[in-house]
Amino acid sequence: MKRLLGPLVVLVVLVVLNSGLERVLNPYFFQVLILVGINIILAVSLNLVNGFTGQFSIGHAGFMAAGAYGSAMFSLTVGQRMVNALVAGHVPAAAAEGAALLLALVLGGLLAAVFGYLVGLPSLRLRGDYLAIVTLGFGEIIRVLILNIDVIGGPRGLPGIPKWANFFWVFLVVAVVIAVSRNLAHSTHGRALFAIRDDEIAAEALGVDTTRYKIVAFVIGAFFAGVAGGLFAHYLCYLNPNSFTFLKSIEIIAMVVLGGMGSVSGSVLAAIVLTLSPELLRPVKEYRMVIYALMLIVLMITRPQGLLGTRELSLDRMLRRRRPAETRA
Amino acid sequence: MSAPLLQLADCTMQFGGLKAVANLDLVVGAGELVGLIGPNGAGKTTVFNVVTGVYAPTAGRVTFDGRAIAGLKANRIACAGITRTFQNIRLFPRLTCLDNVAVAAHPHRKAGMWSAVFRTPGFLADEAALRRQAMDMLEVLGLADHADALAIGLPYGQQRRLEIARALAGKPRLLLLDEPAAGLNPQESEDLMRLILEIRRRFSLTILLIEHDMKVVMGICERIAVLDYGVKIAEGGPDEIRRDPRVIEAYLGEESVHA
Amino acid sequence: MSEFLQQLVNGVTWGSVYALIALGYTMVYGILRLINFAHGDIYMLGAFIGLYVSRFIRAGENPSPVKALVVLLASMLLSALVGMVIERFAYKPVRKSPRLSALITAIGVSLLLENGGVLLFGADPRFFPQLIPSRNIPLGLGVVLSNQQLIVLVVSLALMFLLRLFVTYTRTGKAMQAVSHNHTAAALMGISVDRIITLTFMIGSSLAAAAGVLVALQSPKIEPYMGIMPGLKAFVAAVLGGIGNIPGAVVGGLVMGVAEVLVTGYLSPTYRDAIAFVLLIVILLVRPAGIFGKAVAEKV
């Protein structure tokens, strides 16, 4: 029972914040907050592939797109009808929409996971730069595919997606993806991933099935990117292939690298910083991208390990430092 | 000789035009401590790579405990009971010593990834057991104090020990040590010799050892096989090998034989 | 039949442009194991520098082959300097860093050039003056070559040939080969690795700039993002030929150009950009070392 306390507290906090924040914050700030949440999910999911397992994946936006369009298509066809049926059966709207959203997100995530599997396969034989290029290529191919499929809108975009995503759902997924990452990291499976990152040949020689773990990393990373895409779709209610270009992939990588590859808390921090900065830089809008580019270059030169390196922000460690006397007593 | 645990039959490993290992017959009996020596480039590490599955042999058979293992993936062979250390230390630099060793215990895990994600009681117990196994191994090799230190921070001699601890944590039946004494001073080499004999006894291991330090080889190996340019040129006990003219010639050149 | 031959001619012309750019990628990768993401943007920069140089010498008012040559050479030289600066300030500090850091630095430089270009030149397309009036040269069998295409072909081939001579027969060229094999050994032989690396960047950048000017002479519309797609395609061409391999880059470029023109002509123009990615993925799955490359196995 004690184990369920944590998740329960999180749920309650989310529900409270959900009803409160939207009323308190102005709509612009609220939207930024939602985008922060979505970017956290993207960064933490990419961290699993790049940071934990050391696989150069630079096409993450492709998975986000797959999830976005997949979930959107579900909602526009089946989901909406499901909600209508439920509401007609006296189910409260919030619950019906939540259920439909959950289903849409899972389906979108699964579609993205399938692509993750396909992209992960070449990772088995390619290393470093080559793998990076292949993942980039796949990301672009997914985008070009979307551009050419008329039924999902193509270059005109896909409008009219029901607005089912809100603070609660976005940050619930944030909590889930962080929990999954942390729990994996503190397990023998996480160690296997780190071993692959540090020395794949030695890991293999010790009995780690590197093939399986590399693919698993890609699939899980892609799944959550897809869910992030689904949340994105169901919040903005309109999708356009231009949201999922290589530039978006770079933005996500920048978050993982800035935070420190392998550090979950680092990815979270960096996602927050990098989502807020463009908003803060709005006054100097024309210089924004130049500043961003300079930041990447300077960061790689001066502190390539990012803010936190591979370490995690630990409440435990911070508290311990304040009570040295007690431990010695 | 006891029942053969590892058997290489007519094994050849060819890279393009180069035969790194040519028609090698080698048998290691259960419980034996066998040395594999030869000049640099003789193909010794290639033999290890073939046995552990890094390469599939171009020709020939490799049998472990009666089972054909040639061409199997390296991780399957490790799970079957063969682990190794590397000529150039291959620790996981960003992991702690404990985690380095714990990775080797991974094949013995019981809890799957879903249990890990949900932190089920079964997973927690399994995880504790794995960490305990790793800790025990660190203690056996006198590295328990460094459990939480990053592997890359250790002095060289201790890094070599850590690699051995890690290989042992996989609970192998056959342990392959690739130049474990490289870079060690005479005192450290003596400690290593004692360590190898101790772990063989304690864990009922069979050990195949590549080494250049003749004191170590002659000191602990029961049987020695000598490779030169991929071919086995001699095999026998330490005294035989020490006096074998072909061995002397391979190491020191023809003049020494007639000197 | 004549259409096919015409397509081939067009493809080879485009291919030689890709080859010029691909050479820069391949040389830098061979020497630094770095994919210089910003290389395609040097192509763009070359075109813009050429634009400003031609303004400066008022080449548009009285166009002549000599003035065109001046524009080409000036652009090549100035772009070489830009390449040198980029190498010195952005890539040198990350030479010993993990490959992903270097990759991200390169992406950063690319973004900097593109968006800096938008700031400096404006996002709207600009027009390169027509320095070589267009004339068609019939080749027989119904195939027509424009004089601009001819110039692209001739200049590209000349530059590639010169590079080949340089790398094979001069001491510096051989030093470049040495450095691409092993930095430490080359340094021990008395080669200044830093200078060779700088020189490699300069040569690569000048070739990309040449490609930019040559293309701008033909298709005068230039804008800051014009380097992205050709850069990517040239990269694929370099990988196709075996990255690090100079003749491979040339062959890869030609194959890329011909493939693209044939696909556009016989299949559909919408797949023009996609063919590059498809080729890339096929090559990396089937033969990652490329046509002329040699797969180097890691020593265990």
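Trainee: What share of the 329 residues of chain A counts as buried?
Mentor: The share is 53%. Buried residues have 20 or more other C-beta atoms within 10 Å of their own, exposed ones 12 or fewer, and partly exposed ones fall in between, with C-beta atoms placed from the backbone. This is a predicted model, where local features need pLDDT of at least 70 and side-chain atom pairs pLDDT 80 or more, while totals for chains, interfaces and linings use all residues. Residues are numbered from 1 along each chain as its sequence is written, and chains are lettered from A and ligands numbered from 1 in the order in which they are written.

Trainee: Which secondary structure does chain A come to?
Mentor: Chain A has 14 helices and zero strands. Both are DSSP runs numbered from the N terminus: helices are H or I with at least four residues, strands E with at least two.

Trainee: How many residues does the contact take from chain A and from chain C?
Mentor: It takes 29 from chain A and 28 from chain C. Residues are in contact if their C-beta atoms, placed from the backbone, lie within 7 Å. On the chain A side, helix 5 (128-148), helix 10 (246-259) and helix 12 (288-302) each give two or more residues. Helix 5 of chain A gives the largest share, 11 residues.

Trainee: Which classes are found on the side of chain A that touches chain C?
Mentor: That side has 23 nonpolar, three polar and three charged residues. Ala, Val, Leu, Ile, Met, Phe, Trp, Tyr, Cys and Pro count as nonpolar, Asp, Glu, Lys and Arg as charged, and the others, Gly among them, as polar.

Trainee: Why are helix 9 of chain C and helix 10 of chain C called oblique to each other?
Mentor: Helix 9 (residues 228-241) and helix 10 (residues 246-266) of chain C pack at about 125 degrees, with axes 7 Å apart. Axes are lines fitted to C-alpha atoms over the stretch in contact, and angles run from 0 to 180 degrees between N-to-C directions. Under 35 degrees is roughly parallel, over 145 roughly antiparallel, 65 to 115 roughly perpendicular, and the rest oblique. The two helices of chain C are therefore oblique.

Note on methods
Contact = placed C-beta atoms within 7 Å.
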